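Hello,

Here is the structure I promised to pass on to you.

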Amino acid sequence: MEECISVFDMLKIGVGPSSSHTLGPWRAAERFLEELKEEAILDDITRVKVDLYGSLSLTGKGHATDLAVMLGLSGQDPEYIPVEDIAGIIKKIETTNEINLGNQKVIAFFFLQDIVFNKDFLPFHANGLKFTAYKSDDSEYESTFYSIGGGFVVKEERTNAKLKEVIKCAFPYPIQNAAELLNYTITENKSISEIVYENEISMRPEAEVNSELMRIWNTMLECMYIGCHSEGILPGGLHVRRRAFDMHQNLIGLSNYTDPQSWLEEIRKTEVKFRQILKWVSCFALAVNEVNASLGRVVTAPTNGSSGVIPAVLMYYMVIENHNAGEKEIKQFLMVAGEIGSIFKKGSTISAAMGGCQAEIGVSSSMAAAALCELMGGTPAQVLMAAEIAMEHHLGLTCDPIGGLVQIPCIERNTMGAIKAINAAELALETDSKNAKVPLDKVINTMWETAKDMNSKYKETSEGGLAIAVNMADC
């Protein structure tokens, strides 16, 4: 059965540093709580144990997987929790050896014993986690989840399959691949963003679609703003110094502003030579991923590790290319980006644990390239070509985070993905789409084949590449 994926599935607000290793396990813990409530056994639970498997175990500490699980079990929502409260909640659990399960019942919880890191991989997916709840009569309730990338969580039995089928039937333009999307734009004489918008408003009211798209953008803008105005050292032990702050100071000088929107307006007044453009785009991307690395609030796009690419490219369009750009262009950009991301998810993967970094930075660059191309006047065929070009030049990119942290090389890679996206859009705009040799669907399939061929050492396990060539002591 074909899968229905909304823009709001691909662009989700949450907490860093990782969509698959932080947001996914957090959501899995929430779903486990829901199961306990549905089974009417929450009040009878005396202990909970969590087993992390595969990539979640190998790089879980660096990705704060254990913290995410505790926050999820505590009933906290990653989309709305004040990030400044996170440290206090974790510290209380660790010092009292208790957790307020679902914010309803306090039970004993020894995090060093009750969260177990197992290096073994479960057969269904590289990111597996099993929750075991112990009842007062010594019986147990178990539930296993898989964090498949981008904050998506599934169970092997896929109990939500029927629900997805119902939602998909509501789409006037069901899309499984790029060829179908292009065909709709031709037969309906609509742009890609217009097709996507029709699908979105078939699921929720127009006012909600519009307000949620702007909430996503405002979260991105605030994230860039915070990152550009925060200095110091990132947590985790690598002693990585934040760079966006210094770069931003050098670029903006003594400009006066009081909030993210007035900041944007001030940037529009700055010098726009080629070197400055490169620096601004890099600064925006660095800012987002430094916030992500410090457990800040970001937009998963399509993952947390690649969350800086799309806001950096959209910000580039607004402050460099089109000073009159506003809500219309923001919504258009996000809808195109979200749709391209969903096509990659359906045809390949957006999980670095399954496909390496090509599944994160590569996909985000492709999403951003397509969205920018439409804003710059590209035809639907050129938009898909921009997405293809961006991914073609990320094929085979490995995921090898040093210390299991989403810092090196992850933060810098977002700057590269953003720059490649802009270049891909420009190349597509200067090309007659009839002369394209490689369709987007072929690249997506090639990406998946590459993912399957890639050695597991390069799939977010920190067992190969830079992760072993450079150790914590070197940093």
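This is a predicted model: local features need pLDDT of at least 70, side-chain atom pairs count only at pLDDT 80 or more; totals for chains, interfaces and linings use all residues.

Residues are numbered from 1 along each chain as its sequence is written, and side-chain values use heavy atoms, with hydrogens and water left out.

The protein has 21 helices and nine strands (DSSP runs numbered from the N terminus: helices are H or I with at least four residues, strands E with at least two). Buried residues make up 57% of the 475 (buried is under 20% relative accessible area, exposed over 50%, partly exposed in between, with a 1.4 Å probe and protein chains only).

Now the sheet. Five strands form an open, mixed sheet in the order β5-β2-β6-β7-β8 (two strands pair if DSSP finds at least two bridges between them). β5 (115-118) and β8 (152-154) each have a single partner strand, so one side of each is left without a neighbour in the sheet. From one strand to the next, the twist averages 25°. β2 (residues 45-54) pairs with β5 in the parallel sense over four bridges, and Leu52 has Phe117 in β5 as its bridge partner.

Two helices to look at here are α2 and α4. Helix α2 (residues 19-38) packs on the sheet, touching β2, β6 (127-135), β7 (140-149) and β8, and its direction makes about 150° with that of β7. Helix α4 (residues 65-73) lies across β2, β5 and β6, at about 150° to β2. Contact means heavy atoms within 4.5 Å; axes are lines fitted to C-alpha atoms, for helices over the stretch in contact, and angles run from 0 to 180 degrees between N-to-C directions.

β1 (residues 12-15) pairs with β9 (residues 297-300) in the antiparallel sense over four bridges, and the partner of Gly14 in β9 is Val298. Both faces of β1 are covered: Lys12 and Gly14 on one side, Ile13 and Val15 on the other, are all buried.

Best wishes
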